[in-house]
Amino acid sequence: MNDPTLTVRVSRGGLHLSGEGYEQHFSGISGIVLMRREADLLILPVLLAQAGGYLIKRKNLAGDRVAHAPDFFRANGIADDEEPELQVVWDRSEAGFIGQGEFAN
């Protein structure tokens, strides 16, 4: 992993990744697990879809990806009509990305 930071966007209940961001950080990954830990968002890669989580689907020819998770975002206060951009940072100890304070009120 070259750059430990990633910008993701939440829109209409989906977590959107650019094609470049996906290739750099999630290449070969078929899904993610989204978790809330206090005010932080955790995005954990899942190697096999059978392990659970949200599937990462290709959404266009540019290679952009989306993981539809409206239940997760609604339950954590992000409405379908909101489109926040989130900065997440790789955390080696968590083996995933953390968006610190993303759920702070």
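Helices (H or I, at least four residues) and strands (E, at least two) are DSSP runs, numbered from the N terminus.

**Ground rules**

I am looking at a predicted model, in which local features need pLDDT of at least 70, side-chain atom pairs count only at pLDDT 80 or more, and totals for chains, interfaces and linings use all residues. I number residues from 1 along each chain as its sequence is written, and side-chain values use heavy atoms, with hydrogens and water left out.

**Entry: Ser 11**

I started with Ser 11, which I found in strand β1 (residues 5-11).

Next I checked its polar contacts. The term stands for a pair of N or O atoms within 3.5 Å; within protein, one must be able to donate a hydrogen and the other to accept it, and residues adjacent in sequence count only if both atoms are side-chain atoms. The side chain of Ser 11 makes one with the side chain of Arg 9, at 3.4 Å.

Then I listed what Ser 11 touches (contact means heavy atoms within 4.5 Å). Leaving out residues up to four places away in sequence, I got His 16, Glu 82 and Glu 83.

**Entry: the sheet**

Which order do the strands take? I read off an open sheet of nine strands, β5-β3-β4-β9-β8-β1-β2-β7-β6, with antiparallel pairing. Two strands pair if DSSP finds at least two bridges between them. At the edges I noted β5 (54-55) and β6 (57-58), each of which pairs on one side only.

I then went through some of the pairings:

- β1 and strand β8 (residues 85-91) are antiparallel over five bridges; Thr 5 has Val 89 as its bridge partner in β8, and Leu 6 stands opposite Val 88.

The hairpin of β8 and β9 has four residues between the strands, and Ala 95 takes a positive phi near 55°.

**Entry: aromatic rings**

A pair of aromatic rings is described by the distance of the centres and the angle of the planes. My rule: rings of Phe, Tyr and Trp (its six-membered ring) pair if their centres lie within 6.5 Å; planes under 30 degrees apart count as stacked, over 60 as edge-to-face and the rest as tilted.

How many aromatic pairs are there? I count four by this rule. One of them is Phe 26 with Phe 97, a tilted pair at 5.6 Å centre to centre and 35° between the planes. This pair links distant parts of the chain: Phe 26 is in the loop between α1 (19-25) and β3 (31-37), Phe 97 is in strand β9 (residues 96-99), and 71 residues separate them. Both Phe 26 and Phe 97 are buried.

Why is the pair of Trp 90 and Phe 97 edge-to-face? Because the ring centres of Trp 90 and Phe 97 are 5.2 Å apart and their planes stand at 80°. Phe 97 has 1% relative accessibility, so it counts as buried, whereas Trp 90, at 26%, counts as partly exposed. I put Phe 26, Trp 90 and Phe 97 down as one aromatic cluster.

**Entry: the nonpolar core**

I defined a nonpolar core as a set of buried Ala, Val, Leu, Ile, Met, Phe, Trp, Tyr and Cys residues joined through side-chain atoms within 4.5 Å. The largest has 23 residues, and among those with the most contacts inside it are Leu 15, Phe 26, Leu 34 and Phe 73. Its largest share, three residues, comes from β1.

Methods. Buried < 20%, exposed > 50% of the residue type's maximum accessible area, 1.4 Å probe, protein only.
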